[in-house]
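Here is a short report on the chain shown below. Keep the structure open while reading.

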Amino acid sequence: MEEAVGRATEMGTPVLYVPGISSLDQIDTISGLTILGHVAGMTAEYEANLHVPVCVPIVMETAKETCKESYLKKGRPDLYRNDMVPVSYTHLTLPTNREV
């Protein structure tokens, strides 16, 4: 993951992270949110843009809190943006606002 975030930072592209497509009652989504904390910490450290599309509103709130906490732990709360975790009912929206 470190190499992927570093490469995205070098290229000036945002890091796209999808924590899962299920609700919080599924272990894969919980695991994805746990890993998101690590990825968000790296993006805060490297000052890279992070885009975390989710398709369940409760997961969106949890992902926002996870990202906010990671940015705060790295001492970069100023880089956190609420719009880095949008709800996308088509499951995946690219940072360029194109849907796939």
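## Surface and burial

The accessible surface of the chain comes to about 5800 Å². Carbon and sulfur atoms hold 55% of that surface. These values come from a predicted model.

The chain has 100 residues, and 39% of them count as buried.

## Fold outline

The chain contains 3 helices and 2 strands. Read from the N terminus, the order of elements is α-β-α-β-α.

Contacts in the chain were also sorted by separation along the sequence. Among those with a separation of 6 or more, 68% join residues 24 or more positions apart.

## The α2–α3 contact

Helix α2 covers residues 27–46, and helix α3 covers residues 57–73. Their axes come within 8 Å. They cross at roughly 35 degrees, and the crossing is right-handed.

On the α2 side, the contact uses Thr29, Leu33, Leu36, Gly37, Ala40, Gly41, Thr43 and Ala44. On the α3 side, the partners are Val59, Thr62, Ala63, Thr66, Cys67, Ser70 and Tyr71. By type, the residues of this contact split into 8 nonpolar and 7 polar. No charged residue takes part.

## The aromatic pair

Tyr71 of α3 belongs to the contact with α2. What else does tyrosine 71 form with tyrosine 80? A search of the whole structure finds 1 aromatic pair, and tyrosine 71 and tyrosine 80 form it. A pair of aromatic rings is described by the distance of the centres and the angle of the planes. Here the centres are 6.2 Å apart, and the planes stand at 65 degrees. The pair is edge-to-face, because an angle over 60 degrees counts as such.

The cut-off for buried is under 20%.

## A positive phi at glutamate 47

Most residues other than glycine have a negative phi. Glutamate 47 has a positive phi, near 60 degrees.

Where does glutamate 47 sit? Its place is in the loop between α2 and β2, and β2 spans 50–51. Is glutamate 47 buried or exposed? Glutamate 47 counts as exposed because its relative accessibility is 52%, and the cut-off for exposed is over 50%.

Technical notes: Residues numbered from 1 in each chain as written. Predicted model: local features only at pLDDT ≥ 70, side-chain atom pairs only at ≥ 80, totals over all residues. Heavy atoms only, no water. Axes fitted to C-alpha atoms, helices over the stretch in contact; angles between N-to-C directions. Helix = DSSP H or I, 4+ residues; strand = E, 2+ residues; numbered from the N terminus. Left-handed = near helix turned anticlockwise from the far one by under 90°. Contact = heavy atoms within 4.5 Å. Nonpolar A, V, L, I, M, F, W, Y, C, P; charged D, E, K, R; others polar. Buried < 20%, exposed > 50% of the residue type's maximum accessible area, 1.4 Å probe, protein only. Areas by Shrake-Rupley, 256 points an atom, 1.4 Å probe, with all protein chains shown as cover. Phe/Tyr/Trp six-rings, centres within 6.5 Å; stacked < 30°, edge-to-face > 60°.
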